[in-house]
Amino acid sequence: PNEFENVGILDDSLDAVMPYLENDVGKIIEKSLEETLAYRYLWYANLAVCKEVSYRTLFNKARALFYTGAMDKAYNSLKKAMKFDPEELPAKSLFVKICCMLGTYNEAKKTLNELDVLKMKDKELVGCSKFLAKNVY
């Protein structure tokens, strides 16, 4: 018998919403960014998405999911965010990193080709670029 247990956070917890009495989405996003605990950040980000589905709320949620380690959900949130604004560099940059982590290299390469990595100062993104150049054909 396999005694390995899959332990992690449940989807319901990842989708939880912070009980916060604020309707201004900008203020909710600001509050989320002030959080030092990843899950509290995520719960504020979820609240912002409940109030407004837009690039800024979905990108904020994707970052929060990234920091909680929920890469597959961060990937999905970024895909939705980029539909609102496909030219936003922060979303594309994070998307490339997540694609590299998840092994979706073709998507990473395609998105990376849309970025001018040489002008970017993001060491992780430059690292992704070098990894893809050396290891993915």
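Tutor: The second largest pocket has a volume of about 160 Å³, a volume here being the space filled by probe spheres set on grid points joined across faces, edges and corners. A pocket, on a 1 Å grid over the protein atoms alone, is an open set of points where a 1.4 Å probe fits, with protein on both sides within 12 Å along at least five of seven lines, and lining residues have an atom within 4 Å of a point. This is a predicted model, where local features need pLDDT of at least 70 and side-chain atom pairs count only at pLDDT 80 or more, while totals for chains, interfaces and linings use all residues. Residues are numbered from 1 along each chain as its sequence is written, and side-chain values use heavy atoms, with hydrogens and water left out.

Around that pocket sit Leu14, Asp15, Val49, Leu58, Lys61, Leu65, Lys73, Asn76, Ser77 and Lys80. H4 and H5 each give at least two of the lining residues, with H5 providing the largest share, four. Helices are DSSP runs (H or I, at least four residues), numbered from the N terminus. By class the lining splits into four nonpolar, two polar and four charged residues; Ala, Val, Leu, Ile, Met, Phe, Trp, Tyr, Cys and Pro count as nonpolar, Asp, Glu, Lys and Arg as charged, and the others, Gly among them, as polar.

H4 (residues 55-68) also packs against H2 (residues 25-34): their axes come within 11 Å and cross at roughly 15 degrees. Axes are lines fitted to C-alpha atoms, for helices over the stretch in contact, and angles run from 0 to 180 degrees between N-to-C directions. H2 and H4 are therefore roughly parallel (angles under 35 degrees count as such). Val25, Gly26, Ile29, Ser32 and Leu33 of H2 meet Arg56, Thr57, Asn60 and Arg63 of H4, contact meaning heavy atoms within 4.5 Å. That set holds three nonpolar, four polar and two charged residues.

About 210 Å³ of space lies in the largest pocket, and its lining includes Lys79, Met82 and Lys83 along with Phe95, Lys110 and Glu114. Seven of the residues lining the largest pocket are charged, three nonpolar and one polar.

How values were computed: Parallel < 35°, antiparallel > 145°, perpendicular 65-115°, else oblique.
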